[in-house]
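These are my notebook entries on one model. I went through it topic by topic and wrote down what I looked up.

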Amino acid sequence: MKKIFFYTAVILTIVLILLRADSVIRYAKDAMEMCYSLIIPTLFPFFVCSGLLIYSGFGSVLARAAQKIMLPIFNVAPSGAAAFVLGIISGFPLGAVTACQLYRCGSLSKSESERLLAFCNNSGPLFIIGSVGTAIYAKPSYGVILYVIHIVSSLTVGIVFRFYGRSRHNSPSMRLDTAEMPLGEVFSTALSGASRNILTVCFSIIFFSAISRALLDLLPLPPLMYSLAAGICEFSTGTLRISVLDISMYEKLIMTSFIVGFSGISVHLQVMAVTAGSGLSLKPYILGKLLHSIIAAVITAAILYVFPVSAYVFSDKASVLSLSCTVIPLMLASSAAVIFILWCCCRINSKYNNNTSY
């Protein structure tokens, strides 16, 4: 059944490309221009620096420092700290890759790995601070605040999912160390890894941006919904489109926080590719990213609404910000969705508690 769905989706995509060839080519060129002028200049140097830190052992140092909080807070073995820390530092898809590797090498049980996937695969400071804050909004402070909210939302999701599969077997604590490498090899490995990652990111953006925009053109959507839908498909394209909407900066930051938290279908497919063949369920991951996006949007809205000074700093105009007809429904819908998802998590936890251990 899954293959039939996959084949159907691919065939329909091919038909869309043939019928909308001019639009697909134009949108692909736009995405390539965005990658050339925005994504590569802001992300590639950070990818290299991040790789230098990781392969030189700095990631393991941070992981060991965070080990004490993993089991009591997230109900994950201490070795899982590596996936969370590296995911926060480097961004997609390193967190998911590390979590899957820890499961395959026996450092984590299946339930712990699925629990970890729900909150370890995050957008790093490279994109949020560099691309969103500096390149798109020309305000690094925007990126810093959004990145802090991103981390807080991720931690909240991790706490919620600590109850997932808790009756199942938990792996014994294992120490994770990075093999010593000469500095020349560290730089070579970091450079090749950064090149591979930036190509993966850019080609993913080009493909999903072109296909999603061509598909969305067939739907009579207003600009706001169009931008949100584009962000759900490919979050960097959606973030860029949100930044040029004719709405207040207050609303732009809330929507951007939501999109960055959800990460986009293109990132989720990368995670599916990483976990293929591992036997890990992606249900906790999908629910975790949905919950992450909602929490991030609610926190952003609350900060800018409860603290008028913060809202004023974010605004481009010296005017009093108020909740518009767009933001109020978003907050209400987000709150309702949070309650619904928490209820689903409780149901999942109850279901697995009734099962026997491995």
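I looked up Ala138 and found it in the loop between helix 7 and helix 8 (140–160); helices here are DSSP runs of H or I of at least four residues, strands are E runs of at least two, and both are numbered from the N terminus. The model is a predicted one, in which local features need pLDDT of at least 70, side-chain atom pairs count only at pLDDT 80 or more, and totals for chains, interfaces and linings use all residues. Residues are numbered from 1 along each chain as its sequence is written, and side-chain values use heavy atoms, with hydrogens and water left out.

Ala138 is not a glycine, yet its phi is positive, about 60°. I noted for reference that most residues other than glycine have a negative phi. With a relative accessible area of 56%, Ala138 is exposed; I use buried for under 20% relative accessible area, exposed for over 50% and partly exposed in between, with a 1.4 Å probe and protein chains only.

Asn75 also carries a positive phi of about 60° without being a glycine. Is Asn75 buried or exposed? Its relative accessible area is 11%, so Asn75 is buried. Asn75 sits in the loop between helix 3 (58–74) and helix 4 (81–90).

The buried residues of helix 4 include Phe84, Gly87 and Ile88. Gly91 follows helix 4 and has a positive phi, near 85°.

Asn122 counts as buried because its relative accessibility is 0%. I listed its contacts (heavy atoms within 4.5 Å). Not counting residues up to four places away in sequence, Asn122 touches Phe84, Gly87, Ile88, Gly91, Phe92, His150, Ser154, Lys289 and His292. The side chains of Asn122 and Ser154 are joined by a polar contact of 3.2 Å. A polar contact is a pair of N or O atoms within 3.5 Å; within protein, one must be able to donate a hydrogen and the other to accept it, and residues adjacent in sequence count only if both atoms are side-chain atoms.

I placed Tyr226 in helix 10 (residues 223–233). At 9% relative accessibility, Tyr226 counts as buried. Its side chain makes a polar contact of 3.3 Å with that of Asp217. Leaving aside neighbours within four places in sequence, Tyr226 is in contact with Arg213, Leu216, Asp217, Leu221 and Arg241.

Cys202 counts as buried at 7% relative accessibility, and Cys100 counts as buried at 1%.

I took a core as a set of buried Ala, Val, Leu, Ile, Met, Phe, Trp, Tyr and Cys residues joined through side-chain atoms within 4.5 Å. The largest has 75 residues, and Ile39, Leu116, Phe127 and Tyr137 have the most contacts inside it. Helix 2 (residues 21–55) provides the largest share of this core, 11 residues.

I worked on a 1 Å grid over the protein atoms alone: a cavity is a set of points where a 1.4 Å probe fits but cannot get out, a pocket is an open set with protein on both sides within 12 Å along at least five of seven lines, and lining residues have an atom within 4 Å of a point. Grid points are joined across faces, edges and corners, and a volume is the space filled by probe spheres set on the points.

The largest pocket holds about 970 Å³. Of its 19 lining residues, Phe5, Ala9, Phe208, Ile265 and Leu269 are the closest to its centre. Helix 1 gives the most to this lining, nine residues.

I count three cavities of 30 Å³ or more. The largest cavity holds about 230 Å³. Among its 18 lining residues, the closest to its centre are Leu43, Phe92, Phe127, Val201 and Phe235.

The protein has 16 helices and zero strands. Buried residues make up 47% of its 358 residues.
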